[in-house]
Amino acid sequence: MKKLSNFILIILISVLFAGVYGIIHDQVTYTISPEYFTLLKFPQFGIEQLHWPVRLKVGMIGFLATWWVGLFLGFGYAFVSLLFNPENILKVTLQSLFINIGVTFILGISGYIWSVFLLTQENISWYIPPGTQDIRNFINVGSIHNFGYIGGIAGLIAGIAYLIRKQKPYR
């Protein structure tokens with residue numbers, strides 16, 4: 001029973017962590033390129049007509065765009081947790097999730113650096129909405145977002161490696 005409750009709790013915590021990360025992440029990237037949201041993400045999520053404060057809409061997009069990543073990561077961690085002692089697996093899994101967030105954050109910054117030095121409107125095939133004024137920062141935010149998803153997967157690998165190193169198999 002403890003393994004099942006841990007399994008479910010790991011998934012729920014992962015979804016929550018990912019959603020909160022997405023909220024914070026999008027608040028920061030909105031500051032870099034408001035147009036990325038107002039011209040691309042708001043229409044993409046069908047919320048351009050909502051009469052909410054813009055930062056609330058940005059936060060909603062942040063959650064909606066990342067909770068499912070947390071679900072994916074949570075299942076990964078939850079299945080691995082079944083191999084270990086259920087009495088202390090939650091603590092180590094939480095540490096693994098923080099490692100995952102750290103790797104994701106670092107790769108997001110890497111995406112920004114990659115974009116600044118290597119990406120231009122001419123060498124990308126992304127959709128840039130008509131009327132975009134600050135194309136440079138639009139591309140920067142797109143790159144940050146793309147690298148963030150890669151960071152989620154790389155973080156999962158790092159987190160599971162940490163989890164395995166810190167645990168002894170359950171017998």
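Q: How much space lies in the largest cavity, and how do you know?
A: About 290 Å³ of space lies in the largest cavity. That volume is the space filled by probe spheres set on grid points, which are joined across faces, edges and corners. The model is a predicted one, where local features need pLDDT of at least 70 and side-chain atom pairs count only at pLDDT 80 or more, while totals for chains, interfaces and linings use all residues. Residues are numbered from 1 along each chain as its sequence is written, and side-chain values use heavy atoms, with hydrogens and water left out.

Q: Why is this space called a cavity?
A: On a 1 Å grid over the protein atoms alone, a 1.4 Å probe fits at its points but cannot get out, so the space counts as a cavity. The structure holds one cavity of 30 Å³ or more.

Q: What makes a residue part of the lining?
A: A lining residue has an atom within 4 Å of a cavity point. By that rule 21 residues line the largest cavity, and Ala 18, Tyr 21, Thr 66, Val 69 and Thr 104 lie nearest its centre. The lining divides into nine nonpolar, eleven polar and one charged (Ala, Val, Leu, Ile, Met, Phe, Trp, Tyr, Cys and Pro are nonpolar, Asp, Glu, Lys and Arg charged, the others, Gly among them, polar).

Q: Which helices supply at least two residues of that lining?
A: They are α1 (2-32), α3 (54-81), α4 (89-118) and α5 (135-166). α1 gives the most, with seven residues. A helix here is a DSSP run (H or I) of at least four residues, numbered from the N terminus; the chain has five helices and zero strands.

Q: What makes a set of residues a nonpolar core?
A: Its members are buried Ala, Val, Leu, Ile, Met, Phe, Trp, Tyr and Cys residues joined through side-chain atoms within 4.5 Å, and buried means under 20% relative accessible area with a 1.4 Å probe, protein chains only. The largest such core has 17 residues, with Tyr 77 and Leu 163 touching the most other members. α3 gives the most to this core, with five residues.

Q: How many of the chain's residues are buried?
A: Buried residues make up 43% of the 171 in the chain.

Terms used. On a 1 Å grid over the protein atoms alone, a cavity is a set of points where a 1.4 Å probe fits but cannot get out, and a pocket is an open set with protein on both sides within 12 Å along at least five of seven lines; lining residues have an atom within 4 Å of a point. Buried means under 20% relative accessible area, exposed over 50%, partly exposed in between (1.4 Å probe, protein chains only).
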